[in-house]
Amino acid sequence: MQKKFVKIHESIQLFKQSLQSVYPDSEIESLVPLMAEYVFRSSYFKITLNKEKTITQDEYNRLNYLMDELKSGKPIQYIMGYTYFLDLKLKVNEHVLIPRPETEELVMEFIKQHKDNQEPLEILDIGTGSGCIALAIKKNLPRAYVHAIDVSASALAVAKENAAINQLDIEFTVDNIMNPGEYLLDRTYDCIISNPPYIPDAEKSFMKPQVIDYEPHIALFVPDDSQFLFYKKIARLGKLILINGGSVLLELNEFHYMEICDIFLELGYNHINYLKDMQQKPRILTAQYGC
Ligand SMILES: C[S@@+](CC[C@H](N)C(=O)[O-])C[C@H]1O[C@@H](n2cnc3c(N)ncnc32)[C@H](O)[C@@H]1O
């Protein structure tokens, strides 16, 4: 498509109007800075200082491509091919979940708990996806040894790329937490951290098409009749591989946080706590095994 003489501020209006039938206003506003980055290869702040400038043909083409893709429902992170997670820029594609702000809170809590401690720290990240949790921990706690596993080899390939891009040293293994390799049972860890799949299949019909149509279902859903599958497995595994006094930090299904706490209680964990996220939803489980 040939561009007319579109100015920067007009292109922003065009972008907002074109998405009005698909996204709520608040979401459109949150997309604008990312649009600036994608279309103009610049920050929103910088482009607004030059808003009378006419956009180039390449910028116009990128704008149209972005609007078409967004209207089809594709998440902007997959269109751009990357996202931000705390202080990291991470590659993402359809094989990995787009990291969520709640998970940033999980990692911040972990860092807060361990930043003043100089003891060795061996961590297992279960279901690493893009590697966001493992990488953010390694970046902020360089003394930690981080081992990250995922059942999806395609997800792990993305996580490895992210480790290389960010120059962080992580051990990655393809492994299925439901039937872990023998090697895992021979090792010990100080902490297990995980954002496991926890949405029951029945909730699919209530979820946004942007999630259902584009994000990997293996990262999100669990069977309706065993929705605590991952929590139970992690609790049992923790008893085998955590050191005495080792801890677990998990992202919680906010609707069932008490049942999940009970799983850990019944299996002999102590200091079981749940923490609320910024939306005041119970989101993080912490528990200790042994004393
Ligand atoms: C909710 S996503 C979390 C991804 C990433 N840690 C994050 O927080 O954005 C859950 C991850 O668990 C992985 N997963 C699913 N089933 C698994 C299994 N049986 N064993 C190991 N990983 C599994 C998925 O491939 C996915 O990457």
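Reply: A crossing is right-handed if the near helix is turned clockwise from the far one by less than a right angle, and left-handed if anticlockwise. Helices (H or I, at least four residues) and strands (E, at least two) are DSSP runs, numbered from the N terminus. This is a predicted model, in which local features need pLDDT of at least 70, side-chain atom pairs count only at pLDDT 80 or more, and totals for chains, interfaces and linings use all residues. Residues are numbered from 1 along each chain as its sequence is written.

Me: OK, at what angle do α6 and α7 pack?

Reply: The angle between α6 (residues 101-114) and α7 is about 35°, and their axes (lines fitted to C-alpha atoms over the stretch in contact; angles between N-to-C directions, 0 to 180 degrees) are 10 Å apart. α6 passes α7 in a right-handed crossing.

Me: Which residues make that contact?

Reply: From α6 come Thr-103, Val-107, Phe-110 and Ile-111, and from α7 come Cys-132, Ile-133, Ala-136, Ile-137 and Asn-140. Contact here means C-beta atoms, placed from the backbone, within 7 Å. Seven of these residues are nonpolar, two are polar and none is charged. Ala, Val, Leu, Ile, Met, Phe, Trp, Tyr, Cys and Pro count as nonpolar, Asp, Glu, Lys and Arg as charged, the others as polar.

Me: And α1 with α4, how are they set?

Reply: Helix α1 (residues 8-19) packs on helix α4 (residues 57-71) at about 20°, with the axes 10 Å apart. They are therefore roughly parallel, the word for angles under 35 degrees. Their crossing is right-handed. Ser-11, Phe-15, Ser-18 and Leu-19 of α1 meet Leu-63, Met-67, Leu-70 and Lys-71 of α4. That contact has five nonpolar, two polar and one charged residue.

Me: What about α12 and α13?

Reply: The axes of α12 (residues 229-241) and α13 (residues 257-266) come within 10 Å and cross at roughly 25°. So α12 is roughly parallel to α13. The α12 residues Tyr-231, Lys-232 and Ala-235 meet Ile-260, Ile-263 and Phe-264 of α13. By type, the contact has five nonpolar residues, no polar ones and one charged.

Me: Switching topic. Which residues touch the most others in the largest nonpolar core?

Reply: Ile-123, Ala-136, Ile-137, Ile-192, Ile-234 and Leu-249, out of 54 residues. The largest share of this core, six residues, comes from α7 (residues 132-140). A second, separate core of twelve residues includes Phe-15, Leu-19, Leu-63 and Leu-70.

Me: What does Ile-234 touch?

Reply: Ile-126, Ile-192, Ser-194, Pro-196, Val-248 and Leu-250, not counting residues up to four places away in sequence.

Me: Is Ala-134 buried or exposed?

Reply: Ala-134 has 29 C-beta neighbours inside 10 Å, so it counts as buried. The cut-offs are 20 or more other C-beta atoms within 10 Å for buried, 12 or fewer for exposed, and partly exposed in between. Ala-134 lies in α7. Beyond four places in sequence, Ala-134 is in contact with Asp-125, Thr-128, Val-146, Ala-148 and Ile-170.

Me: Last one: where is Leu-86?

Reply: Leu-86 is in the loop between β1 (82-85) and β2 (88-91). Its phi is near 50°, a positive value in a residue other than glycine. Leu-86 is partly exposed, with 19 other C-beta atoms within 10 Å.

Me: And where does Gln-280 sit?

Reply: Gln-280 is in the loop between β10 (270-276) and β11 (282-289). Its phi is near 65°, again positive in a residue other than glycine. Gln-280 is exposed, with 8 other C-beta atoms within 10 Å.

Key:
Angles under 35 degrees count as roughly parallel, over 145 as roughly antiparallel, 65 to 115 as roughly perpendicular and the rest as oblique. Two residues are in contact if their C-beta atoms, placed from the backbone, lie within 7 Å. A nonpolar core is a set of buried Ala, Val, Leu, Ile, Met, Phe, Trp, Tyr and Cys residues joined through C-beta atoms within 7 Å.
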